[in-house]
Amino acid sequence: MPIEPDPVTADRPSADRAVGADRLPLRRRLLPVIALLLLAPWAAECSWGGFAIDDFLPVLIVLGPMYGGAAILIRETARRLGAGWPTIVLLAAAFGVLQAGLVDQSLFNPGYLDDTQYADTRAAAEASLVPGLGFSLRQAFDYVGNHILLTICAPIAFVESFLGPERRLRPWLARPGLVVVGVVYLLGSLFVFSSPEGRKNFLASPLQLTVAALVVLALVTTALLPHWRRPGRTVDGAGRRAPRRTRRVPHPLWVGLLVVLAHLFTDLTPGWAGAAIALGLAAAVGGLVGHWSSGVNWGQRHVLAAASASVVSAAAFAYLVPPYSPASPAAALAGDVAVSVITLALLVGAWWRLRASPAVHVAAS
């Protein structure tokens, strides 16, 4: 009878495997970094139909340093700490607040979309305006939630799924590489902050900026707690490490379907009621996925299904929404078809890669 690898140590390579990984050619070591650098801006801005096909390349060039740089730094931080997906999600939420609250400040700018084809969404956003802070709860949910799912989590899950188990949870960059990515991220953020098309010459109030900064600090602090660095184990009443639970875990396809359904029902109604429903549904689905992920049978296929479902949902609705800027029907349709093809290629390729590699159970926390 085959013996399952220990879910705690299976994805932590031995010294021999670590040396072997370090001997990989530079091209192979940098390939996942470059893939994440490009996939993050594409998933964040193109996967849901925000741009026509002729704008794909400019989006990758302009937003790649900021979105892709953040995804790489978040992924490397979590993997270097030996932390799991809770740390990645919390750091992704911190990035979402940082991006929308401090960099482009779209969270506090009621006219941020007025020069786009989404200008008519302003009234719906203001229906859930938070008194005293001047931001829409509904927009905050959408902006930050999309950064969590599309900008950070889905690209990381896709790229890691293409890698073998010996490289999937290992850091990709040494310290010099991290410094380079950090500088690239800061320069990309500074470019957006100073660009008329980025911040749009809007400056939030000191109170708004302070609140956003405090939320970012709280999320980062929570993400770095030692509690999240216990993948595959819980602690019993005597303070001893205990094995993960052997609870039943559904098939990965059911996990993905649950996330897709959650996306469908988050826009049931506008205003405060709609925002409350969206927040409650997200919390319920996130809690259920977190509950399943603590089981011993939770694997990378489940991670891929849960994370990629947001991109699949976005790609499906791309045909129903206009791009930010007016485009010819042919260019808009070509962009939507390209989104479908790219999403399908990523999903099928990652799924096939996981089927071809040894099954290893991973922990989310």
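What covers the buried residues of α11? Keep α6 in mind, as the name comes back below. One thing to know before going on: this is a predicted model.

Now try α13, residues 329–356. It has 28 residues, which at 1.5 Å each should span 40 Å; the end C-alpha atoms sit 40 Å apart, so this helix agrees too. Buried along α13 are A331, A332, G335, D336, A338, V339, T343, L346, G349, A350 and L354. The cover over them includes α2, α3, α6, α7 and α12 (300–317).

In soluble globular proteins, nonpolar side chains tend to be buried together. Here, the largest nonpolar core has 85 residues, and the members touching the most others are W42, I88 and I152. Helix α6 supplies the largest share of this core, with 12 residues.

Take a look at I88 up close. Leaving aside residues up to four places away in sequence, I88 touches I74, A78, R79, I152, C153 and I156. I152, one of these partners, is also among the core members that touch the most others.

## The second largest pocket

The second largest pocket has a volume of about 390 Å³. Its lining is made of 19 residues, and L31, P32, A35, V159 and F162 lie nearest the centre. Two or more lining residues come from each of α2 (26–46), α3 (56–81), α6 (137–162), α7 (165–168) and α13.

Which element gives the most to this lining? That would be α2, with seven residues. Sorted by class, the pocket's lining has 14 nonpolar residues, four charged ones and one polar one.

## One cavity

The structure also holds one cavity of 30 Å³ or more. The volume of this largest cavity is about 140 Å³. It is lined by 20 residues, with N109, P110, R122, A125 and Q139 closest to the centre.

The elements giving two or more residues to the cavity lining are α5 (122–126), β2 (135–136) and, once again, α6. The most come from α5, which gives three. By class, the cavity lining has 11 nonpolar, six polar and three charged residues.

## Two loop residues with positive phi

Where is Q105 found? Look in the loop between α4 (85–103) and α5. Q105 has a positive phi of about 60°, although it is not a glycine. Is this residue buried or exposed? Its relative accessibility is 1%, so Q105 counts as buried; the cut-off for buried is under 20%.

K200 also isn't a glycine, and has a positive phi of about 60°. You'll find K200 in the loop between α8 (175–194) and α9 (206–223).

Definitions and conventions. Residues numbered from 1 in each chain as written. Predicted model: local features only at pLDDT ≥ 70, side-chain atom pairs only at ≥ 80, totals over all residues. Heavy atoms only, no water. 1 Å grid on protein atoms, 1.4 Å probe; cavity = no way out; pocket = protein on both sides within 12 Å on 5 of 7 lines; lining within 4 Å. Points joined across faces, edges and corners; volume = space filled by probe spheres on them. Helix = DSSP H or I, 4+ residues; strand = E, 2+ residues; numbered from the N terminus. Nonpolar A, V, L, I, M, F, W, Y, C, P; charged D, E, K, R; others polar. Core = buried A, V, L, I, M, F, W, Y, C linked by side-chain atoms within 4.5 Å. Buried < 20%, exposed > 50% of the residue type's maximum accessible area, 1.4 Å probe, protein only. Contact = heavy atoms within 4.5 Å. Expected span 1.5 Å × (residues − 1).
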